[in-house]
Structures are given as C-alpha cells and as structure tokens.
Amino acid sequence: MILFQNRRGYSPLVQCEDCQWVPKCINCAVSLTYHQYRHALICHYCGYREELPNQCPTCSSKRILTLGYGTEKLEEELKLHFPDAKIQRMDLDTTRSRSGYENIMEGFESGETDILVGTQMVTKGLDFDRVSLVGVFDTDRMMHFPDFRSYERAFQLITQVSGRAGRREKRGKVILQTSNPIHPLFKYVVENNVIGFIEDQLRDREEHLYPPYSRLIEITLKHTDKKVVQASAEIYVNQLNASLKGIKIMGPGEPMISKIRNEYLMLALLKIRRNQGKLNEIKSVLQHVASEVQQFKEYRNVKIVFDVDPA
Ligand SMILES: [Zn+2]
Ligand SMILES: [Zn+2]
C-alpha cells in the first residue's frame, strides 16, 4: 500500500483550543509545522525552530491541539490501526542520507514493508509489482494552491501516484480524498483522459492569458520595512504601466506568504503575449525602471528580483 500526503512533518497546524493562538515563525509570515520526533516547531521556509510549549503563551491554557496530517502523524496513526503491519515513511526527513533512501526502497521492493507513506517522493521513479492500494490524501490542497499550474500539478501527481497501483497482471485500487468529488479534474483522472484535461486547461489559459499563450515575468520587491516595499511597488508598477503600453501587468499585491526571512514581499506579474515585443527590450525596460525607483533615497535598499517564466 502506498499512501501519499504532500506535507511532511507531524502536524501542519498547532493551535490553542481556548484562544486559537497559532505559533508563527519569527522571520516569515507562516505558521510553524510540528515535527514530533524532533519535538520541535519548525519553519519550512527559513528553518527557524522552537520547542512546542507546554502551555499557550497567550492564555496559559494547556490544551494545545495538533491539527491536520503530515506524513509523520499519518505514520503514527497507521501504526495504531495496523499494529502488525510494517510501515515506512519516505520524505525529506527520512531520506537525508543516501542509505536512508535506499533502505526504504529495498524494504518496499522486497515486500518487507507493507505500507509506504510519503510525500511527492513516492510518486516518482518507483516501479513496484505488488501495490494493491494507493491512497491520496488532501487533493483539495494541491488543487487550490494559488498558481495557474495548480490543476496541472494536481492532475500530474494524482495520475503518477495512482499509476503505482496494480501493474502487471493484477489491478490495483486508488482512493482519492477530496471535499469536492464532482470537480471535473477527477472525471479526467478516473477516465484517464489526458487529452481532455489538456484541452480544458488550454481553454482556461487562453482566456486568462497564461502560458503557453503568454510568457510571464514575475517581479518581487523585498524590503525589511513593509511600508517601504508597498510604496516602492506602487511606484514601480505605475512606471512600468507608463513605459510598457499594452502589456498586461497584474499587481502589485502581497504574495500568499508576505514575509520571508524578515523581508516583506510585494509581487507584480507581467503577461506578455507571444507576438508582443521582444523579451530583451522588455527586460531592459524593467531594469531601467528599477534603477529609477532605487534612485529615491528611501527606496535605495529595495531589492527588485525578476523571474522570467517562473516555475
Ligand atoms: Zn491560548
Ligand atoms: Zn521562517
């Protein structure tokens, strides 16, 4: 059996049951993930860690809950439900060493391991004979990640990991967890209708001017002062709009994670039609306007980073 949950750690969210306090990273605008075997709350963006407190720092309640499932918690729950099964976990935390990875692979290949629970790692490069059941947890989270490729990625991950079930003579079973089973994506998955899915996605992308109908340039402005980064982003995008007539510029806006490693972020996105001007010329306009903004004394230390065709 392979169980796929694209989230490592024990529990994505820790929360005080009485006052709803949630531990946050001191450097980034994200909540911390609880890793049980290290007994620590860890930031997956900057590595910051602290101990799980015994009581809530805000209201002193001792009722601190762990919510949601990471691979580590799944492994623990599975052990309760299947005490006789040999269970292994495959994620970044168990495969840091080469031997760790190889042991897990060998255990599963030889049939010694009954249940393999893991992140994205279990979807690729594995070719096993005896997998009778594949379970995919929390497909909603994969699909609703704010990125124009999230459906494509979800479809790819689900079909890749589902393809591990069965093989050779026997047919395997795949179970997908979702709160919205009538979503069209699942119809394409169940019917294995790749062409239908691609056509559907292409229509959507054409309508919203996303690749392959455009090229994207993502612009990130960073500064330790939130007001400074916001003001400079406004000026920057206004100037771009004046200089790049006809090119669609989205933003500026705060990204989903608005602070990483003590820097506040603002984002803008250029959507350039395939036939619309030369990329090199556009790039030099971007750089020129950036240096204009940085000539203001208060914006001199704003970092402006470009990402062409962001992944
Ligand atoms: Zn509390
Ligand atoms: Zn952090």
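In which strand does P252 lie? P252 lies in strand 12, and the peptide bond that leads from G251 to P252 is cis, with omega near 10°. Strands here are DSSP runs of E with at least two residues, helices are runs of H or I with at least four residues, and both are numbered from the N terminus. A cis peptide bond also links P211 to P212, again with omega near 10°; P212 is found in the loop between helix 6 (194-207) and strand 11.

The structure is a predicted model, in which local features need pLDDT of at least 70 and side-chain atom pairs count only at pLDDT 80 or more, while totals for chains, interfaces and linings use all residues. Residues are numbered from 1 along each chain as its sequence is written, chains are lettered from A and ligands numbered from 1 in the order in which they are written, and side-chain values use heavy atoms, with hydrogens and water left out.

Donors are taken as N, O and S atoms within 2.8 Å of the metal (3.2 Å for Na, K and Ca), and sites may look incomplete because water is not among the atoms. Four donors count as tetrahedral if all angles lie between 85 and 135 degrees; four count as square planar and six as octahedral if opposite donors are over 155 degrees apart and all others between 65 and 115, and anything else is irregular. For comparison, the ideal angle for four tetrahedral donors is 109.5 degrees. C56 is buried, at 1%, whereas C59 is partly exposed, at 34%.

The zinc ion (ligand 2) is held by the SG atoms of C25, C28, C43 and C46 as protein donors, lying 2.2 to 2.4 Å away. Along the chain these donors follow the spacing C-x2-C-x14-C-x2-C. Angles of 102 to 115° between the four donor atoms make this arrangement tetrahedral. C25 is buried with a relative accessible area of 7%, and C28 is buried with one of 2%.

Helix 2 (residues 98-109) has 12 residues and reaches 16 Å from its first C-alpha to its last, close to the 16 Å expected at 1.5 Å a residue; the expected span is 1.5 Å times one less than the number of residues. Its buried residues are G100, I104, M105, G107 and F108. They cover an arc of only 165° around the axis, which puts them on the same side of helix 2; the arc is that of the directions from the helix axis to the C-beta atoms. These buried residues pack against strand 1, strand 7 and strand 8, with contact meaning heavy atoms within 4.5 Å. After helix 2 comes G111, whose phi is positive, near 90°.

V228, V229, S232, A233, Y236, V237 and L240 are buried in helix 7. Because these fall within an arc of 150° when seen down the axis, they line one face of the helix, and K227 and N238 are exposed on the other side. The cover over the buried residues includes strand 11 (214-223), strand 12 (248-253) and helix 8 (279-295). At the start of helix 7, a side-chain oxygen of D225 comes within 2.9 Å of the backbone nitrogen of K227.

T139 lies in helix 3 (residues 139-143) and is buried, with a relative accessible area of 0%. A polar atom of its side chain lies 2.6 Å from the backbone oxygen of Q177. Beyond residues up to four places away in sequence, T139 touches I158, L176, Q177, T178 and F186.

Definitions and conventions. Buried < 20%, exposed > 50% of the residue type's maximum accessible area, 1.4 Å probe, protein only. Polar contact = N/O pair within 3.5 Å; in protein donor to acceptor, adjacent residues only side chain to side chain.
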